[in-house]
Amino acid sequence: MFVVAEFKDTIRVLPQDLSKPKEQAVEDEINVKYSNRVFHKVGLCICVHEVLDMADGIVQHTEGSVYYKVRFSMVVFRPFPGEVIVGKILSSSRDGIRVSTSFFDDILIPPSLLPTPKHFDENDKVWYWEWEGAQLYLDVDEPVRVQVQSVDFVEVRPGAAKRAADGSVMVSATDHVPSPFTLLY
């Protein structure tokens, strides 16, 4: 579920952070820049694991910041197909069940992967499984164990802005922005 991935980057340490030990200031800036970000074909970065190499800093004379070339490793959330994960049900719809871990919410269980025979209750908006004559409901906030079927990365690029006839930019609250990292169970 968690892997360690290696990165290289130039990290900027602001003048107000120069009172900290160099290693701590650089690690803090890496966490700010990388934590809670999805990197294509890598996964969701959680936190710095280790600073592997750090060159001497270069001071930017116009602003006082110090720039360090750093090689570091990050703890990354990237489950593999076949892995079993424990989560809680966030919501149910005809499209399937959305599950969350404590830090990742883009887990979808499509109806085709639910145990059979399954049914969707339109009144309560929940899926249930019929087993030996009993209806076992998959309710919101209930814990579930799910097995990863696939890990999908979608490259999300900024879209071209829609312009009205008068030249103003139109933005709709209903515009769907795909998640860059989705797990299919």
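I start with strand β10, residues 126–131, which pairs with β11 in the antiparallel sense over five bridges. Strands here are DSSP runs of E with at least two residues, helices are runs of H or I with at least four, and both are numbered from the N terminus. Two strands pair if DSSP finds at least two bridges between them. Within this pairing, W131 has A134 of β11 as its bridge partner.

Before going further, the conditions. This is a predicted model, so local features need pLDDT of at least 70 and side-chain atom pairs count only at pLDDT 80 or more, while totals for chains, interfaces and linings use all residues. Residues are numbered from 1 along each chain as its sequence is written, and side-chain values use heavy atoms, with hydrogens and water left out.

Back to the sheet. Three strands make it up, in the order β9-β10-β11; it is open, and the pairing is antiparallel.

E132 sits in the loop between β10 and β11. E132 is not a glycine, yet its phi is positive, about 50°. Is E132 buried or exposed? It is exposed, at a relative accessible area of 70%; the cut-offs are under 20% for buried, over 50% for exposed and partly exposed in between, with a 1.4 Å probe and protein chains only. D141 is another residue other than glycine with a positive phi, near 75°. D141 is in the loop between β11 and β12 (143–147), and at 54% relative accessibility it counts as exposed. For reference, most residues other than glycine have a negative phi, and most peptide bonds are trans. The bond from T116 to P117 is cis, with omega near -5°, and P117 belongs to the loop between β8 (107–109) and β9.

Next, β5, residues 66–77. Nine of its 12 residues are buried, so β5 is largely enclosed by the rest of the structure. β5 pairs antiparallel with β1 over 12 bridges, and V3 stands opposite V76 there. With β3 the pairing is also antiparallel, over eight bridges, and M54 has V70 as its bridge partner in β5. β4, residues 58–59, runs antiparallel to β5 and is joined to it by two bridges. β4 and β5 form a hairpin with six residues between them, and G64 in the turn has a positive phi of about 90°.

On to the helix. α1 covers residues 22–34, and at 1.5 Å a residue its 13 residues should span 18 Å, which agrees with the 18 Å between its end C-alpha atoms; the expected span is 1.5 Å times one less than the number of residues. Which residues of α1 are buried? They are A25, V26, E29, I30 and Y34.

Finally, the cores. A nonpolar core is a set of buried Ala, Val, Leu, Ile, Met, Phe, Trp, Tyr and Cys residues joined through side-chain atoms within 4.5 Å. The largest has 17 residues, and F7, V26 and I30 are among those with the most contacts inside it. β1, α1, β3 and β5 each give two or more residues to this core, with the largest share, six residues, coming from β5. Apart from it lies another core of 15 residues, including I85, I97, L114 and V148.

Methods
Contact means heavy atoms within 4.5 Å.
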